[in-house]
Amino acid sequence: MCLLLGPQGAGKTLLLRRLHTYLNIKDQDPLGGSQATIPTAGTNLVDVLVTKKQEVVVREMGGIMSPIWPKYIKDCSTLMFMVDMSNRLQVAAGCILLLTTLSDRSLVTDKVLILLNKIDLPTCMSRFEFESLFRLDDVLKQSKLQVSVIEVSAHTGQGLGDVLDWLAHNTTGEAS
Ligand SMILES: Nc1nc2c(ncn2[C@@H]2O[C@H](COP(=O)(O)OP(=O)(O)OP(=O)(O)O)[C@@H](O)[C@H]2O)c(=O)[nH]1
Ligand SMILES: [Mg+2]
């Protein structure tokens, strides 16, 4: 199971909706997928077909649930953390949540994917801005985690194929 965390409104629910239908032709939404979401007050479990033969269960925890994220951290085989690249007001809070999550003692997996979402918006931060504001180099130097970073847009679908590839190669033990 892959755990998907990130601050409120980062785009986790929309990403999961997109990932669920990406390879799953029979579940294609005839409307092309609604953009409307409601905040996740709890958890949201979604099956994602990452290749034609492999399925991964992804568990989103709503941003509002961050006080209880640690209870779920030990159960995941991979971790994805999403950042809203258009929300500079959320940088400080997002950074603290990311550091707290990565330093959690019950985190067993060393495979972490940071998703830089909403890159379709003209006001989004650049990758360089994100890395400086989140002090990503310092974070990575101090940890033994294998951290990958992918820029995505749950809105346009940009980067979703790379996310599926990462899930397929890193989340083991699940096949459909
Ligand atoms: N422009 C744009 N909007 C997005 C993108 N991803 C999500 N959104 C919008 O951002 C809002 C919040 O998205 P959600 O998917 O509900 O965010 P969340 O991370 O699940 O939020 P919580 O469940 O509250 O933690 C919705 O209005 C989405 O349509 C994106 O890549 N680009
Ligand atoms: Mg949500």
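Reader: What covers the buried residues of α3?
Author: The cover includes β4 (78-84). Contact requires two C-beta atoms, placed from the backbone, to lie within 7 Å of each other. Helices (H or I, at least four residues) and strands (E, at least two) are DSSP runs numbered from the N terminus. The model is predicted: local features need pLDDT of at least 70, and side-chain atom pairs count only at pLDDT 80 or more, whereas totals for chains, interfaces and linings use all residues. Residues are numbered from 1 along each chain as its sequence is written, while chains are lettered from A and ligands numbered from 1 in the order in which they are written.

Reader: Which residues of α3 are buried, and what places them on the same side of α3?
Author: Gly94, Leu97 and Leu98 are the buried residues of α3. They cover an arc of only 100° around the axis (taken from the directions from the axis to the C-beta atoms), and therefore they lie on the same side of α3. An α-helix has 3.6 residues a turn, so residues three or four places apart point the same way. Ala92, Ile96 and Thr100, on the other side of α3, are exposed.

Reader: How do you know that the reach of α3 is close to what is expected?
Author: Helix α3 (residues 91-102) has 12 residues and extends 16 Å from its first C-alpha to its last, close to the expected 16 Å. The expected span is 1.5 Å times one less than the number of residues.

Reader: Why is Phe134 called buried?
Author: A residue is buried with 20 or more other C-beta atoms within 10 Å of its own, exposed with 12 or fewer, and partly exposed in between; these atoms are placed from the backbone. Phe134 has 20 such neighbours, and therefore it counts as buried. Phe134 lies in the loop between α4 (127-133) and α5 (136-142). Leaving aside residues up to four places away in sequence, Phe134 touches Cys95, Leu98 and Val139.

Reader: What makes Arg135 partly exposed?
Author: Arg135 has 13 C-beta neighbours inside 10 Å, so it counts as partly exposed. Arg135 is also in the loop between α4 and α5. Its phi is near 50°, a positive value in a residue other than glycine.

Reader: Is Lys118 buried or exposed, and where is Lys118 found?
Author: Lys118 has 24 other C-beta atoms within 10 Å, and therefore it is buried. Lys118 is found in the loop between β5 (111-117) and α4. Although not a glycine, Lys118 has a positive phi of about 70°.
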